[in-house]
Structures are given as structure tokens and as C-alpha cells.
Amino acid sequence: MKRVKLSILFIAILFTLSGCKITKNQSAKFEKKDKAPNYLRDISGELQDTLKNIEKIEKILDGTYVEEKPKENNHKHQESTGEKGKEQGQNQNSSNEKSGGQQGQGNSEGGSSKEDVNKESTKNKEQEKKEKDKEELLKNWQEIDKKIEDIHKNWNDYEPEGIKKGATTEKTDSFRSSLNLLTKSVEERNIRKVYNYGSQTMLNLVPIMSLYRDEVGGEINKIKYAVYQAYINSLEGKNAKASDLLKSVEEDLDKMRLKFEKDDDKVKILEKINLSIEDMRKSLSQKSVKLIRIKKDIIINNLEEIEK
């Protein structure tokens with residue numbers, strides 16, 4: 001009888017220990033983060049870089065692009081300009097002393113007037129700007145070409161893993177189709193189509209990124225899609241459609257809040273995103289390309305901040 005009791009006690013202890021072990025394993029499994037692999041994240045980043053480059057091209061063509069220069073270089077430039085100015089001033093004084101009263105005679109004999117010199121200087125500056133803009137355009141298109149090539153390579157590397165994870169043929173075909181259209185738009189150097197198909201490719205990446213439980217990239221890409229599409233529609237005067245697109249992201253913001261509920265810093269950025277989206281929506285009535293572009297850029301920068 002005593003042996004039977006001991007056997008029962010031993011079995012009970014074994015069951016208890018096994019139960020603890022299963023609970024610990026389940027807990028460890030639950031706590032493990034299910035994030036998208038680097039290939040997929042790289043694709044998302046390269047799509048964003050493509051659209052940022054296309055905006056630079058857009059600004060160059062409409063004359064609103066301003067290249068930011070480092071403050072240090074500006075300071076050196078000012079010092080250099082100051083030294084050159086002093087030197088030119090000294091040379092000018094010396095020249096004036098030598099020429100004396102011959103200035104009037106020189107002008108009357110066909111020398112260049114001040115007005116002619118200014119016209120020539122303006123013409124040279126305009127030509128320099130055209131050449132610089134041409135170089136910037138070429139540089140940005142080449143960067144986009146490289147990004148598109150990288151996206152295709154990264155997709156090829158990721159696709160087998162995506163299929164194992166559960167990406168259906170329908171999902172992969174949709175992404176591939178929009179990527180091919182984006183590639184063709186880049187080849188055609190068509191800015192509006194690059195915006196359109198670039199943002200559509202972002203949207204078609206969402207179902208694939210959503211295969212990973214803890215990934216917020218899907219929601220972020222949906223918001224980016226809505227923002228870029230709203231921008232395109234505002235350019236075409238379709239403000240009502242642009243406004244509806246911006247309002248459609250409320251559910252995605254709510255999903256992100258749930259995922260970031262324990263991260264106060266991320267929640268603060270989410271509030272910035274929410275307010276910046278509302279700002280862009282309210283700005284549509286102003287019918288200002290520059291204003292809408294600024295509001296768009298603020299939203300994209302906020303979204304990039306929360307991705308870090």
C-alpha cells in the first residue's frame with residue numbers, strides 16, 4: 001500500500017514538472033518577436049527612397065529645388081568670397097588710379113557698359129543653373145534606377161521564404177505586377193506614374209508584411225500609399241478623393257496604437273502622425289501645391305521616425 005502511494009505521488013510530481021515546462025516553453029514562444037526579415041524591410045525602404053528621389057526630380061523641373069549646403073562650407077565660402085572681394089577692391093582701386101580720366105573715353109569708344117556686363121553675368125548664371133540642374137536630374141534618375149534593381153534582387157531573395165511563411169500566389173503576383181509597372185514608369189521617366197505605381201507597390205507589400213505578427217511595416221505602408229495617392233489626386237484637382245484617402249488610415253493608426261501601447265515614445269510619434277495627416281487634409285482647400293507637398297513630407301518624415 002505504501003508503495004502504491006509513493007508511485008502515485010511520483011507520477012503527480014512528474015505531471016506538475018511537465019506542466020511547468022510546457023508553460024515556460026509556451027511563454028517563451030509567445031514572447032518571441034515575429035518581425036519581417038531584412039529582405040522585406042529593405043524593399044520597403046528602397047520604395048520609399050525611390051519616391052523621395054522622384055520628388056527631388058519634380059522640384060528641379062518646377063524650379064523649387066534648393067540644395068542644402070553644410071554650414072561649414074557656407075562659412076568657408078563666405079570667407080573666401082570676402083577675401084576675393086577685398087582683393088578685387090584693391091585691384092579696382094589700382095585700376096581706377098591708373099585709368100584716371102580715361103574712363104569716359106573708353107566707354108565712348110565702344111567699351112562694355114555696366115548694363116551689358118550685368119546681362120552677360122545673368123546669362124552665365126542661368127546657363128550654370130541649367131547645367132547643374134541637368135546633372136542633378138541625371139544623378140537622381142540613376143539613383144532610382146539602382147534602387148529599382150535592388151528591389152528586384154531583394155524580392156527574388158525573399159520570395160521563397162515568403163511562400164514558406166504563407167504568401168499566396170495572388171499576393172506575390174499583385175506585388176510583382178505593380179513592381180513591373182513601376183519599373184516601366186522609371187524607364188519612361190514618367191514622374192506621375194512613378195508616384196502612382198511606387199505607392200501601389202507599397203500597398204501590395206502590405207499583405208506580405210502582415211504575415212509577421214509584430215511587424216508594423218504593413219500599416220505604415222498603407223498610410224504612405226494613402227498619402228502619396230492623396231498628393232497625386234490633389235495635383236489633379238480631386239480634393240474630395242484626396243481627403244477620403246487620408247481619412248481611410250484611421251484603422252491602421254489604431255492597429256499601430258495597440259502594437260505600441262507599452263512604448264510611450266512611439267505613441268507620441270503616432271500622435272504627431274495623426275495630427276500631420278489631419279493638417280494635410282485641411283490644407284487641401286488652399287489649392288497650393290507647395291503647401292500640400294510640405295504637409296506630405298512632414299507625414300512621411302514622421303512615419304520614418306516611427307520605423308526606427
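E46 sits in helix α2 (residues 38-62). Helices here are DSSP runs of H or I, at least four residues long, numbered from the N terminus. The model is predicted, so local features need pLDDT of at least 70 and side-chain atom pairs count only at pLDDT 80 or more, while totals for chains, interfaces and linings use all residues. Residues are numbered from 1 along each chain as its sequence is written, and side-chain values use heavy atoms, with hydrogens and water left out.

E46 is buried but has no salt bridge. Buried means under 20% relative accessible area, exposed means over 50%, and partly exposed lies in between (1.4 Å probe, protein chains only). A salt bridge places a side-chain nitrogen of Lys or Arg within 4 Å of a carboxyl oxygen of Asp or Glu. For E46, the nearest side chain of opposite charge is K147, 5.7 Å away. In this count Lys and Arg are positive and Asp and Glu negative; His and the chain ends are not counted. The side chain of E46 does make a polar contact of 3.1 Å with that of N154. Such a contact is a pair of N or O atoms within 3.5 Å; within protein, one must be able to donate a hydrogen and the other to accept it, and residues adjacent in sequence count only if both atoms are side-chain atoms. Leaving aside residues up to four places away in sequence, E46 touches K147, D150, I151 and N154. Contact means heavy atoms within 4.5 Å.

D150 also has a charged partner. Its side chain meets that of K146 in a salt bridge of 2.9 Å, N to O. D150 counts as buried at 17% relative accessibility. K146 is partly exposed, at 46%.

The structure holds 28 salt bridges. One of them joins R293 and D62, with the closest N and O atoms 2.9 Å apart. This pair links distant parts of the chain: R293 lies in helix α12 and D62 in helix α2, 231 residues apart. R293 is buried, at 6% relative accessibility, whereas D62 is partly exposed, at 39%.

Helix α10 spans residues 250-259, and its buried residues are D252, L253 and M256. They lie on the same side of α10 because they cover an arc of only 100° around the axis. The arc is that of the directions from the helix axis to the C-beta atoms. Cover for these buried residues includes α8 (217-235), α11 (264-283) and α12 (289-307). The face turned away from the buried side carries the exposed residues E250, E251 and L258.

E251 also forms a salt bridge with K255, the closest N and O atoms being 3.9 Å apart. Both residues belong to α10 and stand four residues apart, about one turn of the helix. Salt bridges with shared partners join E55, K59, K296 and D297 into one network.

Most residues other than glycine have a negative phi. R189, not a glycine, has a positive phi near 60°. R189 lies in the loop between α6 (169-187) and α7 (191-209), and is partly exposed at 36% relative accessibility. K287, likewise not a glycine, has a positive phi of about 55°. K287 is in the loop between α11 and α12. At 72% relative accessibility, K287 is exposed.

Terms used:
Helices (H or I, at least four residues) and strands (E, at least two) are DSSP runs, numbered from the N terminus.
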